Amino acid sequence: MPSWIGAVILPLSGLLLSLPAGADVKARSCGEVRQAYGAKGFSLADIPFQEIAGEHLRICPQEYTCCTTEMEDKLSQQSKLEFENLVEETSHFVRTTFVSRHKKFDEFFRELLENAEKSLNDMFVRTYGMLYMQNSEVFQDLFTELKRYYTGGNVNLEEMLNDFWARLLERMFQLINPQYHFSEDYLECVSKYTDQLKPFGDVPRKLKIQITRSFIAARTFVQGLTVGREVANRVSKVSPTPGCIRALMKMLYCPYCRGLPTVRPCNNYCLNVMKGCLANQADLDTEWNLFIDAMLLVAERLEGPFNIESVMDPIDVKISEAIMNMQENSMQVSAKVFQGCGQPKPAPALRSARSAPENFNTRFRPYNPEERPTTAAGTSLDRLRTVWRTMQHSVTDIKEKLKLSKKVWSALPYTICKDESVTAGTSNEEECWNGHSKARYLPEIMNDGLTNQINNPEVDVDITRPDTFIRQQIMALRVMTNKLKNAYNGNDVNFQDTSDESSGSGSGSGCMDDVCPTEFEFVTTEAPAVDPDRREVDSSAAQRGHSLLSCSLACTVLALQRLCR
């Protein structure tokens with residue numbers, strides 16, 4: 001015989017004797033509760049058929065009840081699970097927004113880069129033929145570094161682009177002067193005159209601005225989507241406190257114990273419980289909204305004049321234009337370089353006879369954008385534009401979804417409590433569960449946030465102990481928001497953070513004692529004056545080599561970047 005039967009007999013017999021004639025004995029039946037309890041998947045073995053004395057209850061009112069101690073424990077755990085599921089389901093929209101949009105944007109951007117590289121390769125093979133193929137690794141390395149930067153690699157875009165033009169200058173200078181032999185030291189001297197002579201015209205400067213702004217925006221935007229996804233996933237997995245669990249049990253399942261399984265909580269009652277249980281989550285809202293605003297700003301950059309398509313689509317035309325500038329000014333460039341760096345040594349006779357400048361001029365003909373093929377090679381360009389249009393739609397879609405996700409955390413209690421499966425709704429304020437009986441809920445609704453729960457009538461909240469986990473998410477959002485704001489202004493915060501440090505970490509130069517472990521760079525300021533009597537570069541400068549040049553570049557590039565802004 002179940003243990004609750006003995007507890008039922010004596011109170012029930014006394015109750016029956018005291019009932020007036022015609023009283024409804026069925027009112028004390030636990031039939032509806034048994035049915036609702038069983039529907040939850042629980043065993044009916046421990047539930048009484050009729051009400052029993054409730055002195056054993058620890059959470060629900062200690063009056064005549066349909067709940068045993070075991071039932072109260074099980075329903076308390078059930079309320080905890082349902083609350084966790086409610087929060088996860090309610091935040092599903094914001095989580096899927098970041099998860100799915102991050103995946104789409106990342107796929108589109110990677111494909112955009114792949115197609116841009118293929119388009120450039122197809123066009124340059126057609127236009128420049130063997131000369132391009134013999135030097136194609138210079139261009140392949142450019143795209144490799146752009147991809148590495150986008151995926152979070154330790155790449156300084158400005159230094160990388162300077163290196164690209166420096167390498168291209170080395171190759172071009174040797175091609176236009178095949179009758180000479182150039183040592184590495186001599187080519188290093190050539191690079192010192194780049195800013196003064198501008199052999200590639202204004203293309204490097206313009207392309208640097210366009211690429212750095214567009215790639216910084218794209219990389220930071222996808223990082224923002226990642227951070228938003230991680231924060232949303234973490235915050236949506238709540239761990240209710242014991243005080244919250246008690247309040248949830250009292251709200252959701254104490255009606256069962258009172259024999260009222262179909263009566264739902266009052267809406268305002270639900271709000272106070274949820275505001276108490278989700279007090280720390282609500283405190284996330286301020287930083288979350290600032291983060292969303294910053295994401296929307298960077299999204300504007302992706303749609304504006306520095307969008308990635310306006311940079312990557314004509315990149316082959318721009319680089320070809322730079323090559324033609326170098327070719328057209330080759331005589332003047334060579335003369336001034338020879339004057340400043342000295343007369344180079346003649347090349348071996350066989351090479352000089354076989355490779356004449358005229359041959360270069362006939363092969364390196366100007367690149368006409370109208371010659372872009374419409375056959376097999378042209379399909380990569382068509383695909384590039386198709387991918388970009390798709391990514392533009394994706395950015396627009398992301399913007400709309402981001403706007404809808406503002407104030408999502410402070411709105412959680414309202415979203416949960418307006419669910420018809422949770423509360424009786426706002427139109428049924430008299431026939432709802434108020435925590436004690438079926439009647440109107442009278443206490444006022446608390447404001448949002450942890451500090452406002454000091455007088456919460458339903459949940460015992462310690463306002464002196466903020467949730468450390470939530471504070472970590474607030475800090476993650478704050479850091480990402482600062483990165484986004486910098487990206488909007490064309491600055492890469494990672495580079496700025498490390499540029500003054502001597503460790504060399506990140507993408508800053510980290511120069512120390514005039515020694516930098518970076519590669520040969522394309523110096524862009526303060527080219528030495530041309531001296532007719534000077535045959536070689538200063539010996540002390542030659543000994544320092546490209547380490548000093550690289551260190552100077554780090555400072556001058558940063559200064560140029562600030563001046564451009």
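Cys 189 counts as buried because its relative accessibility is 3%, buried here being under 20% relative accessible area, with exposed over 50% and partly exposed in between (1.4 Å probe, protein chains only). Its partner is Cys 341, joined to Cys 189 by a disulfide, and Cys 341 counts as buried too, at 1%.

A word on the source: this is a predicted model, where local features need pLDDT of at least 70, side-chain atom pairs count only at pLDDT 80 or more, and totals for chains, interfaces and linings use all residues. Residues are numbered from 1 along each chain as its sequence is written, and side-chain values use heavy atoms, with hydrogens and water left out.

The structure holds seven disulfides, a disulfide being a pair of cysteine sulfur atoms within 2.5 Å. Three of them, among the seven, go in the table.

| Disulfide | S to S |
|---|---|
| Cys 67 and Cys 257 | 2.0 Å |
| Cys 189 and Cys 341 | 1.9 Å |
| Cys 266 and Cys 432 | 1.9 Å |

Now for handedness. The link of Cys 67 and Cys 257 is left-handed, with -90° about the S-S bond; these two cysteines are both buried. The Cys 189 and Cys 341 link is left-handed as well, at -90°. For Cys 266 and Cys 432 the torsion is about 90°, so that disulfide is right-handed. Cys 266 is buried at 3% relative accessible area, and Cys 432 counts as buried at 2%.
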